[in-house]
Amino acid sequence: MRDFNRTGQAKDMNISQGSVWSATTERNSRPAFAGDTKTDVLVIGGGMCGVLVAHELKQAGLRCVVVESKQIGGGVTRNTTAKITAQHGLIYADLLERIGHEKAWQYYQANTQAIKKYQALAAQFPCDFEHRTAYVYSTDDSAALEREARAYHQLGLAAHVQEDLPLPVNTCGALAMENQAQFHPLKLLFALAENLELYENTFVNKLVGKTAHTPVGTITAEHVVLATHYPLVNILGLYALKLYQHRSYVIALENAQTLDGMYVDARENGHSFRTYGDLLFVGGGDHRTGEPGGGFHELHALAGRAYPQATEQFHWATQDCMSLDRVPYIGKHRAGANHLYVATGFNKWGMTGSMVAAQVLCELITQGKSDLSELYSPQRSMLSRQLATNMGKATKNLLSFGTPRCMHMGCKLRWNSAEHSWDCACHGSRFDACGHVMDGPAKRGIKPS
């Protein structure tokens, strides 16, 4: 654990460098795949998204094989803050302006239905599911909150603005959304996985048509789902332009504060707060992967000022795929590949987005259509300011001199001294100090300088 003083300086003790979820669950290991087989659906990726998709498809009567390159739940799922909510920052005013009332309402309904589905699963598989009110707060822009409140009214949602917040940051108010939820992701994931045909330590080298090639065999499927966080196939489909990756950090404090709700800053690099048991999660320090950011130092400074009596029990970091327009990409991977599906770009709301993806992909595979397919289509327009930013970042780092270079598309890597890794600002690949891949899309390691 870590004790704080009022200046934010910390004294390390027996702190766990990993999430509370990993520390409070045990998993049963699964064998690696070997041989050759045929199946109805192959799901590549054993995180929350892949497991939920496979669960839905199995419930629909299809044979589904899941392969995970490492261990199930070992990526973003174990490092989430595990909020399940339809309140994704100040998004609804933006959606109404860009895509209209019908699609904005669809977005709300899809994410609200996801909460209900998690609640139903939690009744079968206990996972510390709890209803909480979600709050998005602002530190300096009350007009943005008022604009979002008007969007709530247009959609027929209750819009309650709260001014006094129990937070250690100065705010000008928050917008509440009731009946949202939080849970323990690995408890649910491991329980669902027990009933699935799932293989760990099974790396897919390549996809040729409907056949996935592994080092020790092949899997041929009528439908293939890429639930790999960053798509395994990313050049075709232009995902290298449609996505960028963002890192964020969490510390879990004991003897800090108990909160009844879940709080998130409207700013992308603001702070979030939620309680799990007697622990307070403080999140933040966000930055685009490969660029400087506040990281754990920022959170330790906040904890030192606000909770000098607290002790840090856990800390962890995660990496999120961000879409161009704040809506995930769920559906057919690209035109002309009708057997291939993708779910990515959850924009820091991966638990809710994973359940939405399970619904959309199950409907597309079993019925050939989904009412949500247009909203989440990976083939929708790419025109946005973020596209220009992504292209500029990629060009700058691709043309920069020096080594090491990323094994994905050759961009220059930058040393992350806070996490002791080589990070790529182009597409978010990360490598440890020895050059091993930590985060994709890169598939091969590097030789560090």
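Predicted model: local features only at pLDDT ≥ 70, side-chain atom pairs only at ≥ 80, totals over all residues.
You'll find Leu157 in the loop between helix 4 and strand 8 (160–162).

So who does Leu157 touch? Leaving out residues up to four places away in sequence, its contacts are Trp105, Tyr108, Tyr152 and Met177. Val65, on the other hand, is 92 residues away along the chain, and the C-alpha atoms of Leu157 and Val65 are separated by 40 Å.

## Rings that get together

Trp105, Tyr108 and Tyr152 turn up again when you look at the aromatic rings: together with Tyr92, Tyr107 and Tyr376 they form one aromatic cluster. Across the model, the count of aromatic pairs comes to 15. Take the pair of Phe33 and Tyr199: the ring centres are 5.3 Å apart and the planes sit at 80 degrees, so this pair is edge-to-face. The cut-off behind that label is an angle over 60 degrees between the planes.

Where do Phe33 and Tyr199 lie? Phe33 is in the loop between helix 1 (20–23) and strand 4 (35–44), while Tyr199 belongs to strand 10 (residues 197–199), so the pair ties together parts that are 166 residues apart in sequence. Phe33 counts as buried, at 5% relative accessibility. Tyr199 counts as buried too, at 17%.

Rings can also have a charge sitting over them, and Lys242 gives you two examples to look at. The charged end of Lys242 sits over the ring of Tyr239, 4.2 Å from the centre of that ring. The charged end of Lys242 also sits over the ring of Tyr329, this time 5.3 Å from the centre.

## Helix 3 against helix 4

Now for some helices. Two packed helices are described by the angle between their axes and the distance between the axes. For helix 3 (residues 92–124) and helix 4 (residues 142–154), the angle is about 50 degrees and the axes are 8 Å apart. Helix 3 and helix 4 are therefore oblique to each other.

Which residues make this contact? On the helix 3 side, look for Tyr92, Ala93, Asp94, Leu96, Glu97 and His101; on the helix 4 side, they meet Arg147, Glu148, Ala151, Tyr152 and Gln154. Sorted by type, the residues of this contact come out as 5 nonpolar, 2 polar and 4 charged. Two of the names here, Tyr92 and Tyr152, are also in the aromatic cluster described above.

## Helix 3 against helix 2

Helix 3 has another packing story, with helix 2 (residues 48–59): their axes come within 14 Å and cross at roughly 75 degrees. That makes helix 2 and helix 3 roughly perpendicular to each other.

From helix 2, Met48, Leu52, His55 and Glu56 meet Lys117, Tyr118 and Leu121 of helix 3. This contact divides into 4 nonpolar, 1 polar and 2 charged residues.

Ala82 has a positive phi of about 60 degrees although it is not a glycine. Ala82 is found in the loop between strand 5 (64–67) and strand 6 (83–84). Is Ala82 buried or exposed? Ala82 is buried, with a relative accessible area of 0%.

His229 has a positive phi as well, near 75 degrees, and its place is in the loop between strand 13 (217–226) and helix 6 (239–242). His229 is partly exposed, at 26% relative accessible area.

As for the peptide bonds, a cis one joins Thr403 and Pro404, with omega about 0 degrees. Pro404 lies in the loop between helix 10 (385–399) and strand 21 (413–416). Another cis peptide bond joins Gly440 and Pro441, where omega is about 25 degrees. Pro441 is in the segment after strand 24.

## Pro448, after strand 24

That segment after strand 24 (437–439) also holds Pro448. Pro448 is partly exposed, with a relative accessible area of 28%. Not counting residues up to four places away in sequence, Pro448 touches Trp422, Ala433, Cys434 and Gly435. Val233 is 215 residues away along the chain, and the C-alpha atoms of Pro448 and Val233 are separated by 26 Å.

Definitions and conventions. Residues numbered from 1 in each chain as written. Heavy atoms only, no water. Axes fitted to C-alpha atoms, helices over the stretch in contact; angles between N-to-C directions. Helix = DSSP H or I, 4+ residues; strand = E, 2+ residues; numbered from the N terminus. Parallel < 35°, antiparallel > 145°, perpendicular 65-115°, else oblique. Contact = heavy atoms within 4.5 Å. Nonpolar A, V, L, I, M, F, W, Y, C, P; charged D, E, K, R; others polar. Buried < 20%, exposed > 50% of the residue type's maximum accessible area, 1.4 Å probe, protein only. Phe/Tyr/Trp six-rings, centres within 6.5 Å; stacked < 30°, edge-to-face > 60°. Lys NZ or Arg CZ within 6 Å of the ring centre and 35° of its normal.
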